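Here are some notes for a colleague opening this entry for the first time. They start with the chain as a whole and then turn to single residues.

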Amino acid sequence: MNENIAIAYFSHTGNTKQAAKKLQREVGGDLIEIRKRRPYRSSEKVMIVRAILDRLSGSLPALSEIPHIKDYDKVYLGFPIWCGRCPQIIISFAKLSDLYTGTIIPFYTSGGSLAGNSQAKLQRIYKHAKVEEPINMNKNNSSS
């Protein structure tokens, strides 16, 4: 059976984008970039502080467009880990696609942090989907 696969990802510095492309070469599928309506336009340190403030306030960044994943059997969902968590833009994306019923396979890049509670958080949002354990892409990538 041929599965219809998407690789949706958010990348600030390009590392997660490279991981998504590597994953695409391995499993096939369509690449879908998740972008903020107003991109982070500052140094990495300032951006991470902004991301932490977004998380603490519960702010969900607006997306530049709403990627649709409902027609895919399997979605690899990629993101950088910032301060031990997935960025709020991934939560924004998940809440906009929360009725998805296939399989979500998170993958992440990081400067050394693990995925933290990302799987549990995504499973709470994707109530009708199976969310698998995140894949650590740090073997060949770093940061975000």
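**Notes on the fold and two residues**

1. Of the contacts in the protein chain with a separation of 6 or more, 83% are between residues 24 or more positions apart. Keep in mind that the model is predicted.

2. The protein chain has 4 helices and 6 strands. Read from the N terminus, the order of these elements is β-α-β-α-β-α-β-α-β-β. The radius of gyration is 14 Å, close to the 15 Å that the globule rule gives for 144 residues, so the protein chain is as compact as a globular protein of that length.

3. Along the principal axes, the C-alpha atoms of the protein chain fill a box of roughly 45 × 30 × 25 Å. The accessible surface of the chain is about 7,600 Å², and carbon and sulfur atoms hold 48% of that surface. Of the 144 residues, 44% count as buried.

4. Which residues make the nonpolar surface patch of about 300 Å²? The patch is made by V49, L53 and L56. L53 belongs to helix α2, which covers residues 44–57. Why does L53 count as partly exposed? Its relative accessibility is 45%, and partly exposed covers the range between under 20% for buried and over 50% for exposed.

5. K121 sits in helix α4, residues 118–125. With a relative accessible area of 25%, K121 is partly exposed. K121 and I34 are 87 residues apart in sequence, and their C-alpha atoms are 18 Å apart in space.

Definitions and conventions
Residues numbered from 1 in each chain as written. Predicted model: local features only at pLDDT ≥ 70, side-chain atom pairs only at ≥ 80, totals over all residues. Heavy atoms only, no water. Helix = DSSP H or I, 4+ residues; strand = E, 2+ residues; numbered from the N terminus. Buried < 20%, exposed > 50% of the residue type's maximum accessible area, 1.4 Å probe, protein only. Patch = residues over 30% accessible without salt bridge, like charges linked within 9 Å, V, L, I, M, F, W, Y side chains within 5 Å. Areas by Shrake-Rupley, 256 points an atom, 1.4 Å probe, with all protein chains shown as cover. Salt bridge = Lys/Arg side-chain N within 4 Å of Asp/Glu carboxyl O. Rg over C-alpha atoms; globule rule 2.2 N^0.38 Å. Contact = heavy atoms within 4.5 Å.
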